[in-house]
Amino acid sequence: MSVWDDLVGQHRAAVALREAAAGHGMSHAWLFTGPPGSGRSNAAVAFAAALQCTEAEAGCGVCHACHTVLAGSHADVKRVSTEGLSLGVDFIRDLVRASALSPVGRGWQIIIVEDADRLTERAVNALLKAIEEPAERTVWMLCTPTVEDVLPTIRSRCRLVTLTTPTAADVAAFLTRIDDVPDALASYAARASQGHIGRARALARDEATRNRRRDVVSIPAGLTSLGRCMKAAQRLAEVTKEEADVVTGDLDAREKVDLDSAYGVVERGRRPREYAPALATLLKEQKSRAKRRHLDVVDRSLMDLVSVYRDAVALATGAPGELVNAEIRADVEKVAASASPELNLRRIGWIFEAREQMLEFNVPPALALESMMVALQSPDSVHG
């Protein structure tokens with residue numbers, strides 16, 4: 001048992017972090033990069049635990065310090081993330097001020113920013129000074145998908161830790177070892193997740209999640225008319241919105257109850273003057289979170305669509321390796337037979353274009369999905 005056990009398929013990164021925790025190559029600022037689901041924040045938390053560990057072998061996983069870091073309750077380890085679209089300057093300024101304080105214990109004060117790619121420009125500028133002139137016992141750990149997601153002035157002051165997509169075998173072994181998932185289900189979840197650990201665990205644990213994915217990957221073989229394309233787009237937009245609302249709706253309700261309680265709305269039977277601006281702020285944050293959650297669910301579905309066309313290309317070209325969607329091989333063969341590998345590669349490109357429209361240019365998901373579905377069904381000559 002050690003803090004490194006949950007770093008799936010990241011042996012090289014784990015070795016480097018172990019050495020740093022032991023005092024070799026330590027830095028006051030770290031940048032953890034890797035594709036979604038590779039375990040960026042898990043690696044940062046494991047490293048934080050190793051730095052706070054009180055045993056001879058840093059990162060034992062059983063001492064009080066390791067346990068509290070992993071549980072999220074260590075006084076000197078702060079984990080920062082956002083469920084909204086961005087991390088603003090006011091929040092980061094408060095964090096920077098806190099980083100200047102001495103740690104409560106005798107170890108390090110560690111700040112893990114899990115969504116550093118969502119920092120606003122002003123927030124980045126506020127963070128830069130803290131990284132340029134760090135407090136003596138403070139360590140910053142920033143997590144982003146790629147090094148390009150942070151400014152050169154930030155990344156040049158950080159030691160880089162690059163994570164990779166775990167293999168399906170690594171993910172399946174992890175599911176079997178940690179969650180006691182049966183071999184066949186672990187193999188399916190590992191393939192279907194395409195190396196995303198969190199997604200693999202959800203697929204292994206929840207039948208509804210598996211059913212939703214099965215509906216998505218069945219789409220390409222059914223895009224045989226304009227009407228079907230429009231229906232598929234509408235259905236995908238609705239289903240992803242419903243899935244996102246399940247999570248955000250419950251959280252929104254709890255937050256509203258907490259706000260009412262904090263301002264004594266129920267007990268007093270009236271709303272104090274400060275309540276209205278606090279409610280407005282809460283509603284704005286909830287709207288941002290709902291939008292991000294929906295985009296995250298849509299994005300995951302788009303990656304599932306990509307996997308079908310990728311499998312079709314692999315079949316058509318005789319590429320080695322197992323299909324991601326081996327359980328729907330007949331559908332994959334249908335897609336491969338109905339279009340050239342070149343067209344299917346272009347279809348993958350159109351999916352990524354739709355993704356960019358939603359994430360970068362704020363195009364409503366319903367519109368982006370309609371345009372994408374029509375493109376996926378259209379003959380090659382239309383896009384020539």
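Predicted model: local features only at pLDDT ≥ 70, side-chain atom pairs only at ≥ 80, totals over all residues.
What covers the buried residues of α3?

1. **Helix α3 and its cover.** In helix α3, which spans residues 64-71, the buried residues are A65, C66, T68 and V69. Their cover includes α2, at residues 40-52, and β2, at residues 77-80. Just after α3 comes G72, whose phi is positive, at about 85 degrees.

2. With a relative accessibility of 16%, G39 counts as buried. For a sense of distance within the model, the C-alpha atoms of G39 and A232 are separated by 32 Å, the two residues being 193 residues apart along the chain.

3. **T138, in strand β4.** T138 belongs to strand β4, which covers residues 138-144, and at 2% relative accessibility it counts as buried. Leaving out residues up to four places away in sequence, T138 touches H28, S99, L101, W108 and Q109. With S99 there is a further detail to look for, since a polar atom of the T138 side chain lies 2.8 Å from the backbone oxygen of S99.

4. The protein chain is divided into domain 1 (10-162), domain 2 (168-205) and domain 3 (222-376). The contact between domain 1 and domain 3 takes six residues from domain 1 and six residues from domain 3, while the C-alpha centres of these two domains lie 29 Å apart. The size of an interface is often given as the accessible area lost when the parts come together. Between domain 1 and domain 3 the buried area is about 550 Å², with carbon and sulfur atoms giving 47% of it.

5. **What joins domain 1 to domain 3.** Across this interface one salt bridge is found, and the side chains of R292 and D115 meet in a salt bridge with an N to O distance of 3.5 Å. On the side of domain 1 that touches domain 3, the residues by class are one nonpolar, two polar and three charged. The count of residue pairs in polar contact between domain 1 and domain 3, with both residues at pLDDT 80 or more, is one.

6. **Salt bridges over the whole structure.** How many salt bridges does a search of the whole structure find? The search gives 23. In one of them the side chains of D304 and R199 meet at 3.2 Å, N to O; D304 lies in helix α13 (residues 275-317) and R199 in helix α9 (residues 197-205), so this pair ties together parts that are 105 residues apart in sequence. D304 and R199 are both buried, and they also take part in a network of salt bridges that links R191, R199, R213, D304, E322 and E327.

7. **Two pairs that involve helix α11.** D252 and R289 form a salt bridge through their side chains, at 2.5 Å from N to O. This pair links distant parts of the chain, with D252 in helix α11 (residues 226-262) and R289 in helix α13, 37 residues apart. D252 counts as buried at 19% relative accessibility, and R289 counts as buried at 8%. The pair of D260 and K256 is also a salt bridge, the closest N and O atoms being 2.9 Å apart, but here both residues lie in helix α11, four residues apart, about one turn of the helix. An α-helix has 3.6 residues a turn, so residues three or four places apart point the same way. Of this pair, D260 counts as buried at 13% relative accessibility, whereas K256 is partly exposed, with a relative accessible area of 29%.

Definitions and conventions: Residues numbered from 1 in each chain as written. Heavy atoms only, no water. Domains from an automatic or database assignment. Contact = heavy atoms within 4.5 Å. Buried area = accessible area lost by both parts, 1.4 Å probe. Salt bridge = Lys/Arg side-chain N within 4 Å of Asp/Glu carboxyl O. Polar contact = N/O pair within 3.5 Å; in protein donor to acceptor, adjacent residues only side chain to side chain. Nonpolar A, V, L, I, M, F, W, Y, C, P; charged D, E, K, R; others polar. Buried < 20%, exposed > 50% of the residue type's maximum accessible area, 1.4 Å probe, protein only.
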